[in-house]
Amino acid sequence: MFNLVEIKQPEFDVDFYLAYATSDNITGRPLYKKSVCYLNEQAALLLKEAIKYAAALDLRFKIFDAYRPLEVQQELWDNNPDPAFLSNPQTGAIPHCRGAAIDLNLIDKNGKELD
């Protein structure tokens, strides 16, 4: 098993828009009860390293999703069974469900997302 680390400020200098905690996602309804972000310990350490590299370029990260419970992965798959977009929860390793994947974008110092 793996230990999850909550990704929150000030320890992690990032912005958040956890879409699956809102209705602004492919299902049209919130899939998380709370807007909280987690990664496994190794992924959290690597995120800290990436934050340092981004900061050296006057950039930050905006996080959309990280650890995703298996039941949420199944709901997403049931709503949009597209293997180019999602992993099928029935067919193998799912990095999000292990806290080993993160959906993010780079933002500038004004919070504008980069292409």
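Me: Which residues does N40 touch, not counting residues up to four places away in sequence?

Reply: With residues up to four places away in sequence left out, N40 touches F2, N3, L4, R98, G99 and A100; contact means heavy atoms within 4.5 Å. The model is predicted: local features need pLDDT of at least 70, side-chain atom pairs count only at pLDDT 80 or more, and totals for chains, interfaces and linings use all residues. Residues are numbered from 1 along each chain as its sequence is written, and side-chain values use heavy atoms, with hydrogens and water left out.

Me: Why does N40 count as buried?

Reply: A residue is buried under 20% relative accessible area, exposed over 50% and partly exposed in between (1.4 Å probe, protein chains only). N40 has 13% relative accessibility and therefore counts as buried. The residue is found in strand β3, where helices (H or I, at least four residues) and strands (E, at least two) are DSSP runs numbered from the N terminus.

Me: What does the side chain of N40 reach at 3.1 Å?

Reply: At 3.1 Å, the side chain of N40 reaches the backbone oxygen of R98. At the start of α1, a side-chain oxygen of N40 also comes to within 3.2 Å of the backbone nitrogen of Q42. A polar contact is a pair of N or O atoms within 3.5 Å; within protein, one must be able to donate a hydrogen and the other to accept it, and residues adjacent in sequence count only if both atoms are side-chain atoms.

Me: How do you know that the span of α1 agrees with its number of residues?

Reply: The expected span of a helix is 1.5 Å times one less than its number of residues. The 16 residues of α1 should therefore span 22 Å, and its end C-alpha atoms are 23 Å apart, which agrees.

Me: What puts the buried residues of α2 on the same side?

Reply: In helix α2 (residues 70-79), V72, Q73, L76 and W77 are buried. They cover an arc of only 140 degrees around the axis, which puts them on the same side. On the other side of α2, E71 and D78 are exposed.

Me: How many residues does the largest nonpolar core have?

Reply: A nonpolar core is a set of buried Ala, Val, Leu, Ile, Met, Phe, Trp, Tyr and Cys residues joined through side-chain atoms within 4.5 Å. The largest one has 15 residues, and those with the most contacts inside it are I7, F12, V14, L39, L47 and I63. The elements that give two or more residues to this core are α1 (41-56) and β4 (60-65). With five residues, α1 gives the most. Not counting residues up to four places away in sequence, L47 touches I7, F12, L39, F61, I63, I102 and L104. A second, separate core of seven residues includes Y20, Y32, L76 and W77.

Me: What makes Y20 and Y32 an aromatic pair, and what kind of pair is this?

Reply: Rings of Phe, Tyr and Trp (its six-membered ring) pair if their centres lie within 6.5 Å; planes under 30 degrees apart count as stacked, over 60 as edge-to-face and the rest as tilted. Y20 and Y32 lie 6.2 Å centre to centre, with 90 degrees between the planes, and form an edge-to-face pair. Both Y20 and Y32 are buried.

Me: Is D58 buried or exposed?

Reply: D58 has a relative accessible area of 56% and is therefore exposed. This residue is found in the loop between α1 and β4, and just after α1 takes a positive phi of about 60 degrees. D58 and K109 are 51 residues apart in sequence and 6.3 Å apart in space, C-alpha to C-alpha.

Me: Which side chain does a polar contact of 3.1 Å join to that of N105?

Reply: The contact of 3.1 Å joins the side chain of N105 to that of E113. N105 lies in strand β5, and a polar atom of its side chain is 3.2 Å from the backbone oxygen of L114.

Key
The arc is that of the directions from the helix axis to the C-beta atoms.
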